[in-house]
Amino acid sequence: MDAFGNPHTPRPKGEWIGREVARQFWERTIRNATAVSQKRFIQGMDEFLEAVVQESIDKKDRRILDIKSYIVARHRTGAIKRIFSILQLGLDIPDEVISHPAIQEMILAAGELLNLSNDIFSYNLEQQQGDDLHNIITCVMNEHHTDVNGAILWVQDRLVGAADRFRAAMAALPQWEEPLNAQVKAYCDGVGQWVRGLDDWTFESERYFGNKGLEIKEKKWMLLLPKKYATEVGCVHVDSSLL
């Protein structure tokens, strides 16, 4: 966070390179970002970093959250405030507008669509690596005493409800004077496109499904990968022949 707070001061030599990368990113970004959008990005980044620290503690303690607590925590570890603030960097939407109940409900619903969908997409790889404690599938199986398929069906119903909430919130948006109204519309459209973009990226990249993403998208089923606990931190190669 110090790198974001001091974007014009190069990081000390010998420090982890990621801090200097973050500083240079933010130094370039703020040249064209409004003051209010900068504030929200910093707030979102701070919330995200605190959340992932807590996630690490929960994993170390082998703690599985209840569903309600998990959804709240996942909104933070999913960096929803941070990623949606990126959509605002060229906009000047005041606090009293961004805090409107319809916009806040839209953000919560979109966050659920992103986070819970991603949990379904990532679960197979995570369970293979023994890193599936912070995942809605695990939470549902634990709380409702069901299996993977039962948990996915539960999450599917939750996602349908979140999509309904998103559409209802969009329909409830009031009208503001221009140019503010156009900026709000651009932001809300961007939130919806972000949700859609995750779906496309998931199946077109090889992050979770190797080279079988489009095939799995069409068939809507795959095999659980055999357990193979990771010994290193970082990206994991997906053996597509096992899916």
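Reader: Which residues does V191 touch, not counting residues up to four places away in sequence?
Author: This is a predicted model. Neighbours up to four places away in sequence are left out, and contact means heavy atoms within 4.5 Å. The residues that V191 then touches are F84, L87, M106, A110 and F166.

Reader: Is V191 buried or exposed?
Author: V191 sits in helix 10, residues 180-204. Buried means under 20% relative accessible area. V191 has 0% relative accessibility, so V191 counts as buried.

Reader: How far apart in space are V191 and W201?
Author: V191 belongs to helix 10. In sequence, V191 and W201 are 10 residues apart. C-alpha to C-alpha, their separation in space is 15 Å.

Reader: What does S85 touch, not counting residues up to four places away in sequence?
Author: S85 is part of helix 5. Its relative accessibility is 1%, so S85 counts as buried. With residues up to four places away set aside, S85 touches R40 and F41.

Reader: Which residues of helix 3 are buried?
Author: Helix 3 covers residues 35-60. R40 and F41, both touched by S85, are in the buried set.

Reader: What distance does helix 3 reach from its first C-alpha to its last?
Author: Helix 3 has 26 residues. At 1.5 Å a residue, 38 Å is expected. The model comes close to that, with a reach of 38 Å.

Reader: How many helices does the protein have, and what is its radius of gyration?
Author: From the N terminus on, the elements run α-α-α-α-α-α-α-α-α-α-α. The globule rule gives 18 Å for 243 residues, and the protein's value is close to that, so it is as compact as a globular protein of that length. The protein has 0 strands and 11 helices, and its radius of gyration is 20 Å.

Reader: What share of the contacts with a separation of 6 or more comes from residues 24 or more positions apart?
Author: Of the 243 residues, 44% count as buried. Among contacts with a separation of 6 or more, residues 24 or more positions apart account for 69%.

Technical notes
Residues are numbered from 1 along each chain as its sequence is written. This is a predicted model: local features need pLDDT of at least 70, side-chain atom pairs count only at pLDDT 80 or more; totals for chains, interfaces and linings use all residues. Side-chain values use heavy atoms; hydrogens and water are left out. Helices (H or I, at least four residues) and strands (E, at least two) are DSSP runs, numbered from the N terminus. The radius of gyration is taken over C-alpha atoms; the globule rule is 2.2 Å times the number of residues to the power 0.38. Buried means under 20% relative accessible area, exposed over 50%, partly exposed in between (1.4 Å probe, protein chains only). The expected span of a helix is 1.5 Å times one less than its number of residues.
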